[in-house]
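Okay, everyone, thanks for coming.

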Amino acid sequence: MHPRPPCRSTHTFTLAGNRLAYDRWSGPGRPVLLVHALLFDRSQWWPLAADLAASCTVVAPDLPGHGETPMWEGCTPELVAGILARLVESLGLRRAPVVVGHATSAPLATVFADHFAVHGVVTVDEPVDLAGPGLEAVVAASGVDRVPERFRSFAEPREDPGLVAAYRSWLDRPSTLRPVPHARHPADDLHRPRFTPLSDPEGLASRIQYLL
């Protein structure tokens with residue numbers, strides 16, 4: 001009898017000198033590409049991926065300069081989307097992915113869909129407007145303050161102002177969302193971020209599974 005392989009496995013993918021670390025959950029069916037918020041890393045998806053893995057192949061990369069992926073010379077959404085597309089292609093599943101972009105990485109999911117075949121796109125916790133140009137505003141835009149205590153270890157931001165500067169082209173893109181006109185204070189705003197991958201992983205998993 002052979003032992004069962006671990007549900008999550010870690011890999012690297014390299015293209016044109018750009019190395020990418022990623023986790024894979026090898027379930028059946030269509031690939032789901034999970035893109036973490038800026039300043040966080042792929043571990044923010046672990047609870048959600050555990051719910052998804054029975055119905056799809058989950059791929060969660062570290063973006064350049066995050067987690068175990070080194071910084072690249074350039075990290076525009078177009079460049080990163082192109083390499084992620086080749087990563088998905090390398091899996092040999094021959095099915096278009098569902099792409100999920102969290103918070104400040106929502107522009108990457110949109111750019112991916114503009115240039116490559118997708119089965120669906122989900123953007124979640126996309127900020128309407130950043131409160132400022134600095135690191136604290138980027139962290140706050142993810143809604144990390146609303147992560148339940150049991151999941152806090154999966155949501156530890158990298159406090160690196162240089163990383164914010166490297167991703168300025170992402171942060172300066174206009175949001176596809178608009179403020180809720182009748183909101184009287186932030187708690188009333190339906191678009192207020194709440195770090196959904198960790199505050200409601202089951203609900204987000206159901207939303208993704210509906211697209212499969």
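So, W46, F151 and F154 form one aromatic cluster. This is a predicted model, so bear in mind that local features need pLDDT of at least 70 and side-chain atom pairs count only at pLDDT 80 or more, while totals for chains, interfaces and linings use all residues. Residues are numbered from 1 along each chain as its sequence is written, and side-chain values use heavy atoms, with hydrogens and water left out.

How do I count a pair? Rings of Phe, Tyr and Trp (its six-membered ring) pair if their centres lie within 6.5 Å; planes under 30 degrees apart are stacked, over 60 edge-to-face, and the rest tilted. That rule gives five aromatic pairs. Take F112 and F116: the ring centres are 5.4 Å apart and the planes sit at 55°, so that pair is tilted. Then there's F151 with F154, also a tilted pair, at 6.1 Å centre to centre and 50° between the planes.

Now, burial: under 20% relative accessible area is buried, over 50% exposed, in between partly exposed (1.4 Å probe, protein chains only). F112 is buried at 2%, whereas F116 is partly exposed at 32%. F151 is buried too, at 13%.

Back to W46: R8 lies over its face, 3.8 Å from the ring centre. For that, NZ of Lys or CZ of Arg has to be within 6 Å of the ring centre and within 35 degrees of the ring normal.
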